[in-house]
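Here is a walk through one predicted model. Keep the structure in view and follow the elements in turn.

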Amino acid sequence: MAKINLTVNDKNYTVDVDPKTPLLWVLRDNLGLTGTKYSCGKALCGACTVHLDGKAVRSCTFPVSAVGSASITTIEGLSSDLKHPLQKAWIQEEVSQCGYCQPGQIMTAAALLANKPNPSDEDIDETMSSVLCRCGTYQRIRRAIHVAAEGGVR
Amino acid sequence: MSSTTAINRRDFLKLSTSAGIGLVLGFCLPTKKLYGIDSPEAVESFAPNVWLAIDRSGTVTITFSRCEMGQKIWTSLPMIVAEELEADWSKVRIKQGDFNRAAYGSQTTGGSASVRTSYNRLRRAGAVAREMLISAAAQTWKVPVNRCRAENGTVINLDTKQKLKYGELTELAAQQPIPDEVPLKDPKDFKIIGQSLKSLNADLRVNGKAVFGLDFKLPGLLTAVIARCPVIGGKVANFDDSITKTIPGVRHVVEVTNGVAVVADDTWTAIKGRKALKITWDEGPNANLSSEIISETLKNAVEKPGTVLRDDGNVEKAEKESRKKITADFEVPYLDHAPMEPMNCTAYVHENTCEIWAPTQRPSRAHRIGTQVTGLDAKNVIVHILPMGGAFGRRLQYDYVRDAVEVSNLIKAPVKVLRTRDEDIQHGTYRPATYHRVSGSLDKNGYPLSWNHRVSGPGPYPGLITGGADTLAYDIPNIHVDYVMSDISIPTGAWRSVANTQNAFVNECFIDELAVAAGKDPYLYRRKLLEIYPRMVKVLDLVAEKAHWGNQPKGHFQGIAIHPSFHSRAAIVVELNTDKRGGLNIHKVVCAIDCGLAINPDGVKAQLEGGIILALTAALYGAITLKNGRVQQSNFHNYKLLTMRETPLLETYIVDIDEPPTGVGEPPVPPTPPALANAIFAATGKRIRTLPVDIKKLRRYR
């Protein structure tokens with residue numbers, strides 16, 4: 001066990017955990033931030049995606065000890081009031097079905113838009129094809145990313 | 001035209017409003033039999049199973065007993081109530097009811113049934129509340145009720161144009177008698193039904209605040225994972241937990257029906273503890289079972305006659321008389337549901353109570369497991385229903401509920417038992433593998449004279465292998481359908497659209513073979529054989545028109561299929577194109593559905609899109625295989641899901657028809673794989689008779 005300092009959604013925490021614990025479980029079990037989802041545990045599906053200093057990272061295989069001084073953002077910290085363009089676009093385009101994978105989809109898309117404010121279909125496919133959705137919302141995800149990029153939410 | 005409907009007062013229950021809570025009405029939705037394989041809940045109940053409350057602020061809260069798993073019934077069902085209630089949609093809220101047989105009757109969510117079976121009752125419920133509010137307003141104004149009209153959460157006095165908000169009327173409304181009959185609106189006056197409204201609670205799905213089963217917390221909640229015998233049906237012989245127990249944070253190690261549970265303060269510790277267990281397994285009767293053995297068993301079984309499902313005319317005679325007879329065998333594998341949220345359940349058995357928090361489609365089963373495991377009276381077992389991160393039929397089962405209740409019963413502490421992805425895939429309740437032999441003979445005009453289909457699959461539930469085989473819609477004078485069940489002890493269950501998945505593949509691929517053998521166009525051939533069902537023809541025509549059937553661009557190839565299920569009719573055209581390297585891509589999938597009245601058209605389209613993708617995933621990748629009794633797939637690298645890049649263009653169309661609503665969630669699934677197979681035939685001349693599709697030329701992305 002080791003004491004580890006974390007900055008999550010601009011708040012500071014100290015946790016006492018096995019340093020090999022994946023960041024996912026620290027967020028969920030120690031900090032109660034359950035918006036970040038467990039699904040595959042092997043970085044295969046992207047449901048657990050969070051940002052480390054703005055970069056998309058799969059928290060289910062990312063040891064908490066490797067976070068270092070990076071600032072962590074989870075879906076709960078993306079915006080305090082659903083103001084992020086992607087959240088607005090997701091609601092407008094009725095993307096979510098069960099909704100379980102959507103935090104990972106949105107966090108992955110947010111990192112994409114931060115890098116490429118106007119992504120092409122190919123850019124979106126490239127980045128988003130590694131985030132799985134069993135309900136089959138892909139077509140709407142792609143559309144919502146374009147809507148957010150174009151500032152098109154009514 | 002508006003109509004009047006008589007009210008059976010036994011269907012309604014009015015709560016007293018002395019506490020000033022406003023108008024609260026309970027009403028009853030019918031219960032049903034699921035797939036013909038389970039009946040304990042199929043008793044018509046007159047206990048109310050939906051509650052409608054209007055408080056003094058005018059907020060309408062509808063408490064539903066059915067469960068949300070992504071099918072958006074938490075929006076479409078309230079829309080139906082709100083329409084007749086003349087509610088202000090912005091003030092409609094939805095609440096999940098706990099399991100309560102007395103209050104709700106059946107709460108099972110499945111069979112694409114929620115809207116279909118609730119439509120009329122929900123309308124009546126809304127209308128009853130509306131009439132009581134109108135009566136209250138009429139009494140207030142001392143005018144006849146026919147001088148009042150309800151609109152957008154208010155009652156209007158037609159003479160004075162005065163308005164009273166519902167919130168102002170609830171106390172007096174609650175004192176009105178439940179009316180004997182209520183007028184229902186003319187569908188042409190619908191303002192809410194038929195609109196594509198945004199989902200209620202959509203916010204929670206984009207800000208991380210939705211609490212799925214896996215997210216549920218309780219004070220002092222422990223977390224457990226279970227080490228399960230890798231061989232399906234195997235048991236623990238003995239185990240050594242000495243290392244596990246030295247891990248800080250591990251609280252208990254207990255043996256349960258499904259294996260050895262490691263209970264810890266948190267998930268990661270439980271997973272580490274499980275890894276440190278040393279277990280000797282009794283691998284049981286399946287130790288040598290493999291997919292090859294299963295396949296051989298199912299194939300051999302079609303040689304002998306089975307239980308007859310349908311016998312029209314005389315197939316034997318027709319086959320003798322026909323000049324042309326074709327026979328083909330088809331085979332499809334086991335499939336797992338693999339919802340993104342793995343199976344999990346939380347339970348707390350303490351003193352004389354067992355509380356269960358389950359993401360479940362069938363809370364009654366969770367309740368029954370609670371009583372069976374604990375021996376407690378039914379009234380002391382409480383089941384809370386949590387939203388599901390996907391289900392697709394998997395959460396009709398209760399194996400994962402048993403895990404939690406057994407562990408909590410042994411340790412008498414609140415515990416969440418979750419499955420890691422490998423366990424979830426390797427210990428599923430699978431869509432059964434099936435083997436089919438089908439033969440058809442043609443008359444002198446090339447149309448089928450006979451159809452003979454034998455389904456072979458694992459038992460013990462015929463409903464999981466036969467659905468959709470005997471209901472073949474084509475107008476063929478001689479039809480024989482039978483089935484054979486083999487004793488293969490792999491757990492099986494309903495998978496989105498159940499046995500329609502296997503049998504629509506067979507029906508729709510084989511009718512295509514007959515059309516080609518007759519030298520006829522596959523669309524027109526089907527159309528001719530469906531003339532007796534105008535609604536089928538309409539769906540077929542719509543999909544052909546929208547897909548530009550037969551007029552596709554050069555280098556594009558189309559396949560068509562249609563299948564009725566869950567009281568709806570869905571048709572699919574898959575269009576392939578060729579790339580520069582000569583590979584085939586799935587370019588586009590066009591879907592048409594007749595689901596009667598579409599309550600929330602965009603919600604219907606979302607289900608069609610999702611159903612097509614689930615079905616394409618199965619057709620391209622889906623296979624659970626066994627070796628030495630062990631499921632060989634373990635995660636999304638070898639049980640693949642379709643990705644965004646692989647998703648073709650999806651176009652969905654809803655037949656505009658004035659009929660009551662029917663199923664939506666499942667009907668798009670069955671016709672998709674055969675439409676794909678038929679398109680591959682059109683492009684390559686190769687018939688696909690086994691799934692998943694094994695054809696190297698087919699590139700799986702646009």
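**From a strand pair to the core**

Begin with strand 22 and strand 23 of chain B, which pair in the antiparallel sense over eight bridges. Within this pairing, B:Ser441 stands opposite B:Ser450 of strand 23 of chain B.

The pair belongs to an open sheet of five strands in chain B, ordered 16-24-23-22-17. Its pairing is mixed. Strand 16 (307-312) and strand 17 (324-332) of chain B stand at the edges. Each has a single partner strand, so one side of each is left without a neighbour in the sheet. From one strand to the next, the twist averages 10°.

Helices pack on this sheet. Helix 6 of chain B touches strand 17, strand 22, strand 23 and strand 24 of chain B. Its direction makes about 140° with that of strand 24 of chain B. Helix 12 (residues 500-517) of chain B lies across strand 17, strand 22 and strand 23 of chain B. Helix 12 of chain B runs at about 150° to strand 17 of chain B.

Now turn to strand 21 (residues 415-418) of chain B. Both of its faces are covered. B:Val415 and B:Val417 are buried on one side, B:Lys416 and B:Leu418 on the other. Strand 11 (residues 222-227) of chain B runs parallel to strand 21 of chain B and is joined to it by three bridges. Here B:Ala224 has B:Val417 as its bridge partner. Strand 18 (residues 344-350) of chain B pairs with strand 21 of chain B in the antiparallel sense, over four bridges. In that pairing, B:Asn344 is the bridge partner of B:Leu418.

Not counting residues up to four places away in sequence, B:Ala224 touches B:Ala261, B:Val262, B:Val263, B:Ala270, B:Val407, B:Val415 and B:Val417. The largest nonpolar core has 262 residues. Those with the most contacts inside it are B:Leu133, B:Ala224, B:Ile356, B:Val539 and B:Val543. Helix 3 (residues 114-141) of chain B gives this core its largest share, twelve residues.

How values were computed:
Residues are numbered from 1 along each chain as its sequence is written. Chains are lettered from A and ligands numbered from 1 in the order in which they are written. This is a predicted model: local features need pLDDT of at least 70, side-chain atom pairs count only at pLDDT 80 or more; totals for chains, interfaces and linings use all residues. A residue is buried if 20 or more other C-beta atoms lie within 10 Å of its own, exposed if 12 or fewer, and partly exposed in between; C-beta atoms are placed from the backbone. Helices (H or I, at least four residues) and strands (E, at least two) are DSSP runs, numbered from the N terminus. Two strands pair if DSSP finds at least two bridges between them. A nonpolar core is a set of buried Ala, Val, Leu, Ile, Met, Phe, Trp, Tyr and Cys residues joined through C-beta atoms within 7 Å. Two residues are in contact if their C-beta atoms, placed from the backbone, lie within 7 Å. Axes are lines fitted to C-alpha atoms, for helices over the stretch in contact, and angles run from 0 to 180 degrees between N-to-C directions.
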